[in-house]
Amino acid sequence: MSQAFSHSTFNTQLKRYYTLYAGGFLAFVIALAIAEQLGMTKQWIGYCFLFATIGLYAMIGIMSRTVDATEFYVAGRRVPAFFNGMATGADWMSAASFIGMAGTLYLSGFDGLAFVMGWTGGYCLVALFLAPYLRKFGQFTIPDFLGARYGGNIARSIGVFAAILCSFTYVVAQIYGVGIITSKFTGLAFGTGVFVGLGGILVCSFLGGMRAVTWTQVAQYIILIIAYLTPVVWLGLKHTGIPVPQLAYGPTLQKVTELEKKITADPKEQESRALAKQAAAEAGAVKDFPKATAERRALLEKHVADVKAANAPDYVVKAAERELANWPTDPEQAKVLFAARKNLAGNANPPKPHATPFPGKDEAAQDIARRNFLGIVFCMMFGTAALPHILMRYYTTPNVEQARKSVFWSLFFIFLLYFTAPCLAVLAKYDVYSNLVGSKFAELPAWAAAWRVVDPALLTITDLNLDGIVQLAEIVLGGDIIVLATPEIAGLPYVVSGLVAAGGLAAALSTADGLLLTIANALSHDVYYKMVDPSASTSRRVTVSKILLLIVALIAAYTASTKPGSILFLVGAAFSLAASSFFPALVLGIFWKRANKAGAIAGMVVGLGVCFYYMSTTYPYLRDLFGVTKPIAEYMWFGLNPISSGVFGLPLGMLTIIIVSLLTPAPDEKTQRLVEHVRYPNIVGDTYAH
Amino acid sequence: MQPSEKHREYWRKNLFITAVLLAIWFIATFVEGWYARELNSVTFLGFPLGFYMSAQGSLIIYVVIIGVYAMYMKKLDKQFGVDEGELE
């Protein structure tokens, strides 16, 4: 660092730049809003958001290009706490948080809050156990710490393997998300969307490594938080009357609970629920599609004739005619609709009570639901505190004190989104239960009428009992629609939908950037530099890192473009795997001097192994892969789902480290000095040198 | 270098505050989660309390835990002379 560098001047400058930037972005949105009123088409608004934001990220990337190792790996270690907090927020919040979270909460009610708690509470563990000590250690990657603390290349190699295992599945999910968002809002093909997004990711991380990624992530955080909060505030004003709906949606939640009771008891709903069950079963049993298509057509024709003969009200006749008109003659098209009808099976039961924890039919079922809730909370928390792309961010602050403060800002910025998501879910549910349910099919709310046509996977409404009125049991919702359609539910212009898409894109790109960098750094720094060629010059190390980045990105993009089905499970699994492999070795390495090499190696292998064993015997996709045939129930421990396998992996891994360490000799004196070294931010006479 | 008795005391104090905050974290997470159904019979700000805690209350506690830790440790660093000085 040059002598002339001043942290306080830098901080002031950053504040000025990013305030200007946020203002500029708002001006851009307002300009587009005006253009929309003047007749700009939706597709062009989509393009403007896509290319303006990616162009902006590219510009920051180009401005931050570097070949210096400290700049490339840890952004020169001068990122102030506040800005590192924003960058961590963007790094952390993925496409799944931005687009999926509110939908999950809508669909699963209280039980979905396990993710909200897990993905925030984990930062307490980061703050108390890891961030300050890793910052004092002050190297480049997480396997670096394992290598230095436990000596030799074995612990480091296991660290590299685990880092890549966790990060790769995660990055594939992000690139997949980028493809979905770009294709949805611009009409580009999914594959093209993936590669456009890839360009946006690469131009940052490739040119400037951590330095470019950091400053881009700050920019991305600002966009994503504006995009998330704007429509919710609007919808909140509509339903609660104040612009901070997060504080005031309690009464709305009570209204939702009352509506649930009403819907559960309503005879029309009961009738529709029975029909939903029947329709799903029938659709599932169809073998001869041409015959079934024709039969259903005949049924609908007969119904139109019936209601006309019975002199039914106009809206009933219209609804019946529309059902008939919507039913395709081509059996291939009907196949898609039959498939959608199978999803009605979920509507056979009364709505899940939103505010009730661990619903279940009897005490045993409720108990298992509670155990799984806490299991997910546990794994998401310890996984958060062990994911290398997050921990790496705390290497970039100027000192230990700033690292501690920066965890505070990280969680604060993450909190802003995570305490809004449950609110959005409740507001959207209230809107659906009170406005959509009970409306006439001929006069659906505008957003429902539009999305129903756009994408049957996100919204289908079928008049099962043909009364011309929407019942809850007739609606099948895909979770992602909650965030995507909120601007329209709130009655906002299309420009806000474009803004939401830009926010989702920012969330996916920023996370992908951080993950790609983690993988490339593990390979270039830990494998190439530390194991293959320790004499490599810094510029050569950076070059190798850049080449690897490109290769990993292309492999990830290719994997994403094949649309792997189990992607969401794999992302959840990454948390359990990270918790089981990294957490015990890192934390015991700092807090227990006696932990040694043999213990750490055994512990990491056991943690990963137990976790992986549990998943491969209880998760259907992996069971097929490994040819496991005995029933799942025989493999289940305490009724926990495979996503929570870290509940077993982490404690067993930790126990293994303790037992094996105690059975083998204590680590040498230099290692003990390293432990003392990381425990004190600054100690006079510290002789430990890397 | 062998850390002095003063350094050991710093580390003990650090472990103590870590344990206290961790206990609060544990209660706000797992005890709260375990009894969420029972807590729901209480109404707070118009919310059932169990729902409120999981959706918002515990999150606020987490933010506070980290803030308190950062402030306390900054003071402790100075008090025991292991701080890093002011950033310029």
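Predicted model: local features only at pLDDT ≥ 70, side-chain atom pairs only at ≥ 80, totals over all residues.

Author: The C-alpha trace of chain B spans about 55 × 30 × 15 Å along its principal axes. Its radius of gyration is 18 Å, whereas a compact globule of 88 residues would have one near 12 Å. Buried residues account for 34% of the 88 residues in chain B. Among the contacts in chain B with a separation of 6 or more, 53% join residues 24 or more positions apart.

Now to the partner. The contact between the two chains draws 42 residues from chain B and 47 residues from chain A. On the side of chain B that touches chain A, the elements giving two or more residues are helix 1 (5–34), helix 2 (36–39), strand 2 (47–48) and helix 3. Helix 3 of chain B gives the most to that side, with 17 residues. By class, the residues on the side of chain B that touches chain A are 25 nonpolar, eleven polar and six charged.

Two packed helices are described by the angle between their axes and the distance between the axes. Helix 3 of chain B (residues 49–79) packs with helix 6 of chain A (residues 113–137) at an angle of about 10 degrees, and the axes are 9 Å apart. Angles under 35 degrees count as roughly parallel, so helix 6 of chain A and helix 3 of chain B are roughly parallel to each other. From helix 6 of chain A, the residues that meet helix 3 of chain B include Leu113(A), Val116(A), Met117(A), Thr120(A), Tyr123(A), Cys124(A) and Ala127(A). Helix 3 of chain B answers with residues including Ser54(B), Ala55(B), Ser58(B), Leu59(B), Tyr62(B), Ile65(B), Ile66(B) and Tyr69(B). Sorted by class, this helix-to-helix contact has 13 nonpolar, four polar and no charged residues.

Just after helix 7 of chain A, Gly151(A) takes a positive phi of about 70 degrees.

Since backbone geometry may interest you, here are two other positive phi values in chain A, from residues that are not glycine. Ala75(A) has a phi near 50 degrees and is found in the loop between helix 3 (69–74) and helix 4 (81–92) of chain A. Ala75(A) counts as buried because it has 26 C-beta neighbours inside 10 Å. Phe638(A) has a positive phi of about 55 degrees and lies in the loop between helix 27 (632–635) and helix 28 (646–663) of chain A. With 11 other C-beta atoms within 10 Å, Phe638(A) is exposed.

One last stop is Asn372(A), in helix 16 (residues 363–384) of chain A. Asn372(A) and Gly639(A) are 267 residues apart in sequence, but their C-alpha atoms are 7.8 Å apart in space. Leaving aside residues up to four places away in sequence, Asn372(A) touches Leu640(A), Asn641(A) and Ser644(A). Asn372(A) is buried, with 20 other C-beta atoms within 10 Å.

Key:
Residues numbered from 1 in each chain as written. Chains lettered and ligands numbered in written order. Rg over C-alpha atoms; globule rule 2.2 N^0.38 Å. Buried ≥ 20, exposed ≤ 12 C-beta atoms within 10 Å, placed from the backbone. Contact = placed C-beta atoms within 7 Å. Axes fitted to C-alpha atoms, helices over the stretch in contact; angles between N-to-C directions. Helix = DSSP H or I, 4+ residues; strand = E, 2+ residues; numbered from the N terminus. Parallel < 35°, antiparallel > 145°, perpendicular 65-115°, else oblique. Nonpolar A, V, L, I, M, F, W, Y, C, P; charged D, E, K, R; others polar.
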